[in-house]
Amino acid sequence: MGKALIIGAGGVSNVVVHKCCQHSDIFEEICLASRTKSKCDAIKESVKNTKTVITTAQVDADNTDEVIALIHSFQPDIVINVALPYQDLTIMDACLATGVDYLDTANYEPIDIPKFEYKWQWAYKEKFEKAGITALLGSGFDPGVTGVFSAYAMKHYFDEIEEIDIVDANAGDHGYPFATNFNPEINIREITAKGRFYKEGQWIETEPLSEKRTYDLDEIGPKNIYLLYHEELESLAVHIKGIKKIRFWMTFSDNYLNHLQVLQNVGITSIEPILYEGQEIVPLQFLKALLPDPASLGPRTKGKTNIGCIFKGTKNGEPKTYYVYNVCDHEECYKEVGSQAISYTTGVPAMIGAMMILKGLWKKPGVYNIEEFDPDPFMDELNKCGLPWKENFNPTLID
Ligand SMILES: NC(=O)c1ccc[n+]([C@@H]2O[C@H](COP(=O)([O-])OP(=O)(O)OC[C@H]3O[C@@H](n4cnc5c(N)ncnc54)[C@H](OP(=O)(O)O)[C@@H]3O)[C@@H](O)[C@H]2O)c1
């Protein structure tokens with residue numbers, strides 16, 4: 001059916017490539033391109049028994065002209081951006097210049113300001129409309145499936161959704177004293193930022209990790225969850241009509257938080273460059289170099305993730321609650337594709353989003369967040385592609 005250019009060769013990319021290759025009728029050819037070509041070659045080598053034709057290439061995605069040249073030579077139908085959020089705009093520019101659809105899993109963030117928001121990418125809406133191409137933003141799990149869950153709840157169960165609590169729990173154990181499950185730089189920037197949630201038209205800021213609850217999660221048990229700001233809050237506050245409150249919660253172990261506290265106290269999570277022996281270094285980038293590569297956690301991680309959305313609203317004038325979530329097993333993911341569940345839960349929805357566009361089901365010119373599309377075909381594919389979901393019509397609510 002089509003050709004996909006996949007940019008980035010980290011943990012998430014490994015899953016996207018494997019899952020595309022399980023759907024060779026749709027992804028007939030893929031080109032895997034990244035800054036370090038040897039990582040692309042290693043992913044290619046790890047894929048067995050597929051009819052998808054895989055090629056690899058070197059590209060610096062910070063350089064729009066390089067991406068344009070690669071698109072001209074490979075002629076893809078879609079570009080799947082699973083590099084870093086810093087590359088979103090340069091890759092979108094390349095898609096505009098060549099008339100190719102675009103998909104990513106994380107919204108743009110300037111490298112020198114730890115502040116992600118959609119304004120930069122939403123500003124491309126008209127240009128994409130005029131070019132007749134689709135940009136699907138945030139097709140991972142969160143953002144991604146959480147937006148699809150919200151659209152599904154709205155379509156099937158509610159007349160009005162008043163409150164959403166997104167709960168992202170990871171009970172995986174990789175055996176290291178401290179490691180992050182995806183890119184450490186992006187992960188630590190997100191967690192050390194102030195918390196924020198939406199309430200009645202206002203954004204309310206909280207000190208980092210200051211709001212804590214305990215929540216009992218299916219297949220995982222009770223866990224401490226902490227309020228964070230997360231990018232889908234911004235788009236859901238716009239797209240879920242009538243919404244009054246949205247919060248995002250994530251689990252952290254005490255051990256993780258203790259390590260993070262010490263790292264912050266000594267200043268090694270800072271993004272302010274410092275001079276070290278005459279050379280300028282960014283402390284957080286140096287820390288990234290010290291920490292285990294998230295892609296290496298796969299064979300060591302045991303346990304499960306549970307990520308989902310709890311909704312409160314009304315249907316036919318009656319109050320209603322609904323919880324939809326996925327439970328994913330780190331070891332099962334590793335057995336299937338050689339990655340742990342954090343990469344898996346991101347990579348599978350990225351592949352499904354691309355499938356929706358290539359099949360023409362979600363093809364409309366412009367720049368869209370995932371909750372703006374019909375959720376039903378995506379929800380069906382989640383069940384078929386390794387991320388089955390469960391429903392609870394009487395969930396415990398978070399105060
Ligand atoms: N929505 C979600 O649920 C969710 C969850 C987790 C992660 N994510 C997002 O998924 C993306 C990938 O995460 P990951 O854990 O796979 O990260 P990762 O392991 O660090 O991989 C990132 C890849 O991008 C490549 N890259 C970086 N800069 C590049 C450039 N200028 N040109 C070309 N390639 C470049 C890196 O190349 P090198 O190998 O040379 O460094 C690396 O291969 C990130 O944007 C992350 O925020 C989304």
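The questions and answers below concern a predicted model.

Student: How many helices and strands does the protein have, and what is its radius of gyration?

Tutor: In this predicted model, the protein has 14 helices and 18 strands. For 399 residues the globule rule gives 21 Å, and the protein comes close to that value, so it is as compact as a globular protein of that length. Along the principal axes, the C-alpha atoms fill a box of roughly 55 × 55 × 40 Å. The radius of gyration asked for is 20 Å.

Student: What percentage of the residues count as buried?

Tutor: A residue is taken as buried if 20 or more other C-beta atoms lie within 10 Å of its own. Applied to the 399 residues of the protein, this criterion gives a buried share of 48%.

Student: What share of the contacts with a separation of 6 or more comes from residues 24 or more positions apart?

Tutor: Here two residues are in contact if their C-beta atoms lie within 7 Å. Among the contacts in the protein with a separation of 6 or more, the share from residues 24 or more positions apart is 72%.

Student: Which strands stand at the edges of the open sheet of seven strands?

Tutor: The pairing in this sheet is parallel, and the order of its strands is E3-E2-E1-E4-E5-E6-E17. An edge strand has a single partner strand, so one side of it is left without a neighbour in the sheet, and this applies to E3 (53-58) and E17 (366-369).

Student: Which residue in E5 stands opposite Ile-78?

Tutor: Strand E4, residues 78-81, runs parallel to strand E5, residues 101-104, and four bridges join them. Opposite Ile-78, the residue in E5 is Asp-101.

Student: At what angle does helix H1 run to strand E2?

Tutor: Helix H1, which spans residues 11-21, lies across strands E1 (2-7), E2 (27-34) and E4. Between H1 and E2 the angle is about 165 degrees.

Student: Which element gives the most to the side of domain 1 that touches domain 2?

Tutor: The domain assignment places residues 2-137 in domain 1 and residues 145-338 + 388-392 in domain 2, and the C-alpha centres of the two domains lie 24 Å apart. Their contact takes 14 residues from domain 1 and 13 residues from domain 2. By class, the side of domain 1 that touches domain 2 has six nonpolar, six polar and two charged residues. With four residues, the element that gives the most to this side of domain 1 is H1.

Definitions and conventions:
Residues numbered from 1 in each chain as written. Predicted model: local features only at pLDDT ≥ 70, side-chain atom pairs only at ≥ 80, totals over all residues. Pairing = 2+ DSSP bridges. Helix = DSSP H or I, 4+ residues; strand = E, 2+ residues; numbered from the N terminus. Axes fitted to C-alpha atoms, helices over the stretch in contact; angles between N-to-C directions. Rg over C-alpha atoms; globule rule 2.2 N^0.38 Å. Buried ≥ 20, exposed ≤ 12 C-beta atoms within 10 Å, placed from the backbone. Domains from an automatic or database assignment. Nonpolar A, V, L, I, M, F, W, Y, C, P; charged D, E, K, R; others polar.
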